[in-house]
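Please look over the sequence and the model below before reading on. The text that follows takes up a few residues and a few pairs of helices, one after another.

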Amino acid sequence: NLPRVAALALLLAGNAMMHASAVGWLPDEGHGWRLGLAVAVMLIALVGGRIVPSFTRNWLVKRGEGALPAAFGGIDRAALASTAVALLCWVVAPEGPVTGALLALAALAQVLRLARWCGHRTGAEPLVWVLHLGYGWMPVGLALLAAAAWSPGMPETAAVHALTAGAIGTMTLAVMTRATLGHTGNPLLAGPATTAVYLLVAAAAAGRVAAALLPSVPLWLTTASGLAWLAAFLGFAVIYGRLLLR
């Protein structure tokens, strides 16, 4: 777990850079928030890359399925390396053809990686498919970042919402619900209420990304996205709060 310490140190550095920019000690060029977001995305790539195929494998084995997620290998290493390099370039220089090409390559590598984990076979259990959904937002966000790096007309905010509301928000709920059930001695099954929470956070992320991409953002879409986001996390608090308090 020592690499997590490095991640925390980088988050601290990004936070310090934002405060330094706020008081005028550094020029406000966005390096701080981009560093923080890049670290969070890499944590999903590292930790998610371990738990998503592992939990999927366990569930498929219990069901007696033949096809299982591929073991960690060259594609995984390439995806992690390309994503780390692309995000580093984006933190330093978010625009330009080189950054765009690296981000596009990282997005493709992450799609190939995710495709090897048999997510299409997990539709019967929301507690499993939500992990694939959350991880899937990452290549979407990387692809949108690539488009923004190539084209000044493409809003970078769409990519940011895909990575934050999409990848971070969905993976946060996916892991919190699973961990709460597992550590409170409950079956690892998502009921209708938990499934509704997953669908709400997915709708919130999709709506916010769509609103950023539309040339004239309708207010109702942004409002609906925000309400869906609030409902998702309030739903988690209501459904799982009693389990945690007990």
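Ser21 touches Leu26, Pro27 and Asp28, leaving out residues up to four places away in sequence. The model in which these contacts are found is a predicted one. Ser21 itself is placed in helix 1. Is Ser21 buried or exposed? Its relative accessibility is 18%, and because buried means under 20%, Ser21 counts as buried.

Two packed helices are described by the angle between their axes and the distance between the axes. Helix 1 covers residues 2-22 and helix 2 covers residues 31-62; their axes come within 7 Å and cross at roughly 160 degrees. Angles over 145 degrees count as roughly antiparallel, so helix 1 is roughly antiparallel to helix 2. The crossing of helix 1 past helix 2 is left-handed. On the side of helix 1, the contact is made by Arg4, Ala7, Leu10, Leu11, Ala13, Gly14, Met17 and Met18. Helix 2 contributes His31, Gly32, Trp33, Leu35, Gly36, Val39, Leu43, Val47 and Arg50. Sorted by class, the contact of helix 1 with helix 2 has eleven nonpolar, four polar and two charged residues.

Helix 2 also holds Gly49. With a relative accessibility of 9%, Gly49 counts as buried. Which residues does Gly49 touch, not counting residues up to four places away in sequence? They are Ile44, Arg113, Trp117 and Tyr135.

The cysteines come next. Cys118 is found in the loop between helix 4 (97-115) and helix 5 (126-150). The phi angle of Cys118 is near 60 degrees, a positive value in a residue other than glycine. Most residues other than glycine have a negative phi. Cys118 has a relative accessible area of 8% and is therefore buried. Cys89, at 25% relative accessibility, counts as partly exposed. A disulfide is a covalent bond between the sulfur atoms of two cysteines. How many disulfides does a search of the whole structure find? The search finds zero.

A second pair of helices can be read in the same way. Helix 6 (residues 156-183) and helix 8 (residues 219-245) have axes that come within 10 Å and cross at roughly 15 degrees. Angles under 35 degrees count as roughly parallel, so helix 6 and helix 8 are roughly parallel to each other. Helix 6 passes helix 8 in a left-handed crossing. The residues of helix 6 in this contact are Ala165, Gly169, Leu173, Met176, Thr177, Thr180 and Leu181. Those of helix 8 are Trp229, Ala232, Phe233, Phe236, Tyr240, Leu243 and Leu244. By class, the contact of helix 6 with helix 8 divides into eleven nonpolar, three polar and no charged residues.

Thr194 has a relative accessible area of 5% and is buried. Apart from neighbours within four places in sequence, Thr194 is in contact with Thr177, Ile239 and Tyr240. Thr177 and Tyr240 also take part in the contact of helix 6 with helix 8.

Notes. Residues are numbered from 1 along each chain as its sequence is written. This is a predicted model: local features need pLDDT of at least 70, side-chain atom pairs count only at pLDDT 80 or more; totals for chains, interfaces and linings use all residues. Side-chain values use heavy atoms; hydrogens and water are left out. Axes are lines fitted to C-alpha atoms, for helices over the stretch in contact, and angles run from 0 to 180 degrees between N-to-C directions. Helices (H or I, at least four residues) and strands (E, at least two) are DSSP runs, numbered from the N terminus. Angles under 35 degrees count as roughly parallel, over 145 as roughly antiparallel, 65 to 115 as roughly perpendicular and the rest as oblique. A crossing is left-handed if the near helix is turned anticlockwise from the far one by less than a right angle, and right-handed if clockwise. Contact means heavy atoms within 4.5 Å. Ala, Val, Leu, Ile, Met, Phe, Trp, Tyr, Cys and Pro count as nonpolar, Asp, Glu, Lys and Arg as charged, and the others, Gly among them, as polar. A disulfide is a pair of cysteine sulfur atoms within 2.5 Å. Buried means under 20% relative accessible area, exposed over 50%, partly exposed in between (1.4 Å probe, protein chains only).
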